[in-house]
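Colleague: I would like to learn how to read this model. Take me through it step by step.

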Amino acid sequence: MSEALERAVALPVSDADPFAHEVLLDPEPLHQALREAGPVVYLSRYDVHALARYEHVHAALADWQHFESGSGVGLANFRHEKPWRPPSLLLEADPPRHDAPRRVLSEILAPPALRRLRTRWAAVAEELVDQVLRDATEFDAFVALAEAFPLRAFPDAVGLGPDGRENLLPYGNMAFNAFGPRNDLVAADAHRVAELSAWVNAQCTREALSADGFGAQIWAAADRGDLTHEQAPLVVRSLLTAGVDTTVHGLAACLYAFATHPSEWQRLRERPELARTSFDEAVRWQSPVQTFFRTATTDVTVAGTVVPRGTKILMFLGAANRDPGRWHDPDRFDLTRDPSGHVGFGMGPHQCVGQHVARLEAEALLTALARRVQRIELTGTPHRHPNNTLRSWAALPVRVQTVA
Amino acid sequence: MAGSSVVTDAESGVGAGQSTPGHAATLVVAARERVAEDVVSLTLARPDGGRLPNWTPGSHIDLVLPEGATRQYSLCGDRWDAHTYRIAVLREPAGRGGSAYVHDRLRPGDRVGVGGPRNHFPLVPSEKYFFIAGGIGITPLLPMVHQAELLGADWQLLYGGRTRASMAFRQELTDAYGERVHVVPQDELGLPDLAALLGTPRPGTKVYCCGPAPLLAAVEAACAAWPPYALRFERFTAAAQTGPVRETPFEVELRRTGHTVTVTPEVSVLEAVRRAGADVLSSCEQGTCGTCLTPVLEGQPDHRDSVLTDQQRRANDCMFVCVSRSCGDRLVLDL
């Protein structure tokens, strides 16, 4: 009783709505307020505890024993609410069930296994950049590059057929909205749930996948018994859900960063080997995946605050990635910084299993661009697209000056 | 060979086991307990009490002996306890020094170098398991049994040993799981009739076996008619685990920038090359996430990560600089 009273007094409370449009479009003010309010903040509107400081977000991401994913990594608590689709075997699972799918996918997407894609994707990027620059020097870099490149590279690597690929981005947008509350963004997608889900599920079958892609390798793992045949299509689904929009908005963040930081673009042009680091710095700076939830497996104490068993914890990855307690001059996009340790890909057992794929895509595109483009600048206001989880883009109008 | 709980898969050997006590992986013996005749268990923790890298049933760690060679021991503790590892080691009079070191030298409070964890013996999903342990081969199977129970799988454990008193964790297993555990002490009951137990393939059942070579050979023979991939085992091997000891500094050349740095035992290659101005992206700094993969142009890395397969390790063409080091005097990296 007295303990509960103390907690009520000590715990900062906020009635802010992290999923309101104006916050999704410009989340930094809320991030700062939450970081400053305390290590744990109670969000009264949703009855959840929020973590926004690097130290506590990092610790919670690693601590799967106390912060579980199996009850859903969105606001919905699968202990009480039915998920909108069969839960992910990776994102929405905990050890031990998480072990086998994670092991299989980690091996398929590990850096040594991706080497064969490096040359292929460099050529794809070269071709795309040529094509874009041949047509115009002013264009929407979001559509022409950030969307176009992953859509050319990734579905082929998975082994998808040619038809219906236009469904990938809307499906991802819908899936990432579904981690938030049932707000207008979720309602706006509702009429397409059945159709998009049916298309995605159809792509996950063995028959739908070419023999040489990640998808076929997942099925081969099932044939070896490393997964069950029931698990295989759901593991393929994880690739299709989490592998496209995230990279698209990560690349857009990177292009936006360079368009607004011309000296950093010069630095990259002088040292193209900074491509990977610059992508990670952009992921830190913009955090394409802004938030994920966990659920407390027991009464767990975070910096003196007891988070009750079974309640949801909202982790602000974007806020952690700009925590001045961890990063010097955090709001600056800075290629001289070492972004290692950012939580834009998460951390711990659920850390993005496709991060090496994303980095390879970014490296291919940025390297091709750096060779051809001297300057890149905005020609108008870039537009964001609100999404409950992703820091999404709608338009990034730019002008480029090509190398003579 | 009867004996130690040295467990490696059949492929280990070349390069494996050559090690340096990495600064990031010095653990302290938090507890030492006799768990059967000639078997002690060690509980290991970080000196600062922090979280240890995650592991899965079937994983082993490398224990670094004072002379620098390593021995592999299966983790047999509770993965829900993120702060300790547990291993159990059989005294092996004819062994190569690992069990003697653990039995005679290591005491609570002592520090010991540890590499890994890595898993060559993962528990794959199944509705039914048949676990077969011979002697100290119980160690990797112990967490598997707990996990199978947790997942509601239909499982049985056949646990053979010389005598009841020699069989580690026997009592705890029979107390917890009753009839699922079949204890077969050789002095009372002789050897189990594997042909009768395994002769008829059971669809949907995975067989997991760990123990001395004759047991594995017998299980393999008895499972001849089983479908591919149904049988999974981990061998006790005496594969050479000795190798050049590097408690001395080595040089790393950064080919692209032309710098050469000396890596002393207290620092990681990652730290050393960063000080030399190389931009190397890292993330977990525990050898598990795979971010800091760096191409190796010359030299033989001492791989200490949990990512590369044995085949990839042997290729010597890349390394994870956050934890891996050098076997020789010099490495050349594409940095």
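Colleague: How many residues does the contact take from chain B and from chain A?

Modeller: This is a predicted model: local features need pLDDT of at least 70, side-chain atom pairs count only at pLDDT 80 or more, and totals for chains, interfaces and linings use all residues. Residues are numbered from 1 along each chain as its sequence is written, with chains lettered from A and ligands numbered from 1 in the order in which they are written. Contact requires C-beta atoms, placed from the backbone, within 7 Å. Chain B gives 25 residues and chain A gives 25 residues. On the chain B side, 14 are nonpolar, seven polar and four charged. Here Ala, Val, Leu, Ile, Met, Phe, Trp, Tyr, Cys and Pro count as nonpolar, Asp, Glu, Lys and Arg as charged, and the others, Gly among them, as polar.

Colleague: In what order do the six strands of the open sheet run?

Modeller: Strands of a sheet pair through backbone hydrogen bonds, either parallel or antiparallel. Strands are DSSP E runs of at least two residues, numbered from the N terminus; pairing needs at least two bridges. In chain A the order is β1-β2-β3-β9-β6-β4, with mixed pairing. β1 (13-14) and β4 (67-68) of chain A are the edges. Strands β6 (291-296) and β9 (312-316) of chain A are antiparallel over five bridges. A:T291 stands opposite A:F316.

Colleague: Which residues touch the most other members of the largest nonpolar core?

Modeller: In soluble globular proteins, nonpolar side chains tend to be buried together. A core joins buried Ala, Val, Leu, Ile, Met, Phe, Trp, Tyr and Cys through C-beta atoms within 7 Å; buried means 20 or more other C-beta atoms within 10 Å. Of 180 residues, A:L255, A:F316 and B:F131 touch the most other members.

Terms used: Helices (H or I, at least four residues) and strands (E, at least two) are DSSP runs, numbered from the N terminus. A residue is buried if 20 or more other C-beta atoms lie within 10 Å of its own, exposed if 12 or fewer, and partly exposed in between; C-beta atoms are placed from the backbone. Two residues are in contact if their C-beta atoms, placed from the backbone, lie within 7 Å.
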